[in-house]
Amino acid sequence: MSNDQILTIERSFAASPEAVFDAWTDPAILSQWWGPEGVSVPDLALDVKEGGAWTATMYSDQMGNKIVSGEYKAIERPIRLVFTWAWSDEDGTRGHETEVEVLFEKIDTGTKMTLNQQLFQDRSGRDSHNSGWVSSFTCLEKVLS
Amino acid sequence: MALHQIMGALGDPTRFAIVEALLKEGEKSAGALAEPFNMSKPAISRHLKVLEQSGLIERRTKAQFRVFSIRAAGFGEIDDWMSKYREFWNGSFDRLEAILKKSGEDENE
């Protein structure tokens with residue numbers, strides 16, 4: 001695994017990898033949990049296949065309706081799911097695109113899920129450096145503190 | 001400066017390397033920053049200008065030299081981006097956990 005993933009979140013669930021994976025790809029389940037408390041998903045369209053598009057409308061009282069969309073890059077049930085991600089502006093223009101990779105690993109208590117969100121969608125931008133963002137951000141913490 | 005403009009500035013390999021050098025080694029002159037690259041002085045100056053405009057680095061004049069350093073405030077945008085997503089996903093996963101727990105209980109009934 002390369003070390004250029006900028007945002008990594010790990011979480012364990014007491015459910016099988018299949019059940020956790022399906023929670024991402026079944027619109028009836030995904031619309032129930034996507035977004036933090038206070039966010040609902042009034043509209044969700046998933047074309048779950050490689051190269052397939054997905055679009056979600058997320059609503060909250062503070063931000064109103066916001067559209068986020070992307071394309072599926074890899075669907076390997078029940079171990080790995082990769083898709084692109086970009087919020088749209090009010091005028092419908094898609095903003096900066098990132099790539100989200102979700103890994104599902106079977107553990108004794110259920111499933112360990114790892115989410116990696118990469119800042120650079122452009123591979124040439126990502127692969128051009130070896131040291132990667134993780135080390136940069138360690139330095140950045142020092143700069144900011 | 002909007003996040004996508006900052007990302008655009010960082011998306012170039014030379015500029016990314018310049019930022020990394022400044023993050024790791026601190027303040028540097030334009031000449032020292034140019035050293036690892038086989039590039040003309042005007043080309044490096046252009047990259048430095050883009051980074052300066054993005055708010056990620058700043059310059060000052062030390063004796064007769066231009067020296068560049070990281071501008072922490074510029075990185076605040078990236079930091080905000082990360083915190084927002086961290087919040088977004090952690091909040092989502094709390095809800096996912098509740099749903100998976102509930103469906104697990106239903107199955108066992």
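## The sheet of chain B

In this predicted model, chain B holds an open sheet of 3 strands, ordered 1-3-2 and paired in the antiparallel sense. Its edges are formed by strand 1 (28-29) and strand 2 of chain B, each of which pairs on one side only. Strand 1 of chain B is joined to strand 3 of chain B by 2 bridges, again antiparallel, and within this pairing B:Ser29 stands opposite B:Val67 of strand 3.

On the other flank, strand 2 (residues 57-62) and strand 3 (residues 65-70) of chain B pair over 6 bridges in the antiparallel sense, with B:Ile57 placed opposite B:Ile70 of strand 3. The hairpin made by strand 2 and strand 3 of chain B has 2 residues between the strands, and B:Ala63 takes a positive phi near 50° in this hairpin.

## Architecture and confidence of chain A

Chain A comprises 4 helices and 7 strands, which follow one another along the sequence in the pattern β-α-α-β-β-β-β-β-β-α-α. Of its 145 residues, 25% count as buried, and among the contacts in chain A between residues at least 6 apart in sequence, 35% join residues that are at least 24 apart.

The mean pLDDT of chain A is 84, with 79% of its residues reaching 70 or more. Over residues 122-131 of chain A, however, the pLDDT is below 50, and beyond near neighbours in sequence this stretch has 13 contacts in the model.

## The sheet of chain A

The strands of chain A form an open sheet of 7 strands in the order 1-7-6-5-4-3-2, with antiparallel pairing. Strand 1 and strand 2 (40-46) of chain A stand at the edges with a single partner strand each, so one side of each is left without a neighbour in the sheet. From one strand to the next, the twist averages 20°.

Within this sheet, strand 3 (residues 53-60) and strand 4 (residues 64-76) of chain A run antiparallel and are joined by 8 bridges, and A:Ala53 stands opposite A:Glu71 of strand 4. The loop between strand 6 and strand 7 of chain A is the place of A:Asp108, a residue that counts as exposed because it has 5 C-beta neighbours inside 10 Å. A:Asp108 is 87 residues from A:Phe21 in sequence, and the two are 17 Å apart in space, C-alpha to C-alpha.

## Helices lying across the sheet

Helix 1 of chain A lies across strand 1, strand 2, strand 5, strand 6 and strand 7 of chain A, and runs at about 155° to strand 6 of chain A. In this helix (residues 17-25), the residues A:Pro17, A:Ala19, A:Val20, A:Phe21, A:Ala23 and A:Trp24 are buried. The buried residues of helix 1 of chain A pack against strand 1 (7-13), helix 2 (27-33), strand 5 (80-87), strand 6 (98-107) and strand 7 (110-118) of chain A, together with helix 5 of chain B.

Helix 5 of chain B itself lies across strand 1 and strand 7 of chain A, running at about 10° to strand 1 of chain A.

## Nonpolar cores

The largest nonpolar core has 23 residues, and those with the most contacts inside it are A:Val20, A:Ala23, A:Trp24, A:Val102, A:Met113 and B:Leu100. At least two residues of this core come from each of helix 1, helix 2, strand 3, strand 5, strand 6 and strand 7 of chain A, and likewise from helix 5 of chain B. Helix 1 of chain A gives the most to this core, with 5 residues. Apart from this core lies another, of 20 residues, among them A:Ile6, B:Met7, B:Leu23 and B:Leu33.

Which residues does A:Met113 touch, not counting those up to four places away in sequence? They are A:Arg11, A:Phe13, A:Val20, A:Val102, A:Leu103 and A:Phe104.

## The contact between the chains

The contact takes 33 residues from chain A and 30 residues from chain B. On the side of chain B that touches chain A, the elements giving two or more residues are helix 1 (3-10), helix 2 (13-25) and helix 5 (72-108) of chain B. Helix 5 of chain B gives the most to this side, with 19 residues. By class, the side of chain B that touches chain A has 17 nonpolar, 6 polar and 7 charged residues.

Key. Residues numbered from 1 in each chain as written. Chains lettered and ligands numbered in written order. Predicted model: local features only at pLDDT ≥ 70, side-chain atom pairs only at ≥ 80, totals over all residues. Contact = placed C-beta atoms within 7 Å. Nonpolar A, V, L, I, M, F, W, Y, C, P; charged D, E, K, R; others polar. Buried ≥ 20, exposed ≤ 12 C-beta atoms within 10 Å, placed from the backbone. Pairing = 2+ DSSP bridges. Axes fitted to C-alpha atoms, helices over the stretch in contact; angles between N-to-C directions. pLDDT = per-residue confidence, 0-100. Core = buried A, V, L, I, M, F, W, Y, C linked by C-beta atoms within 7 Å.
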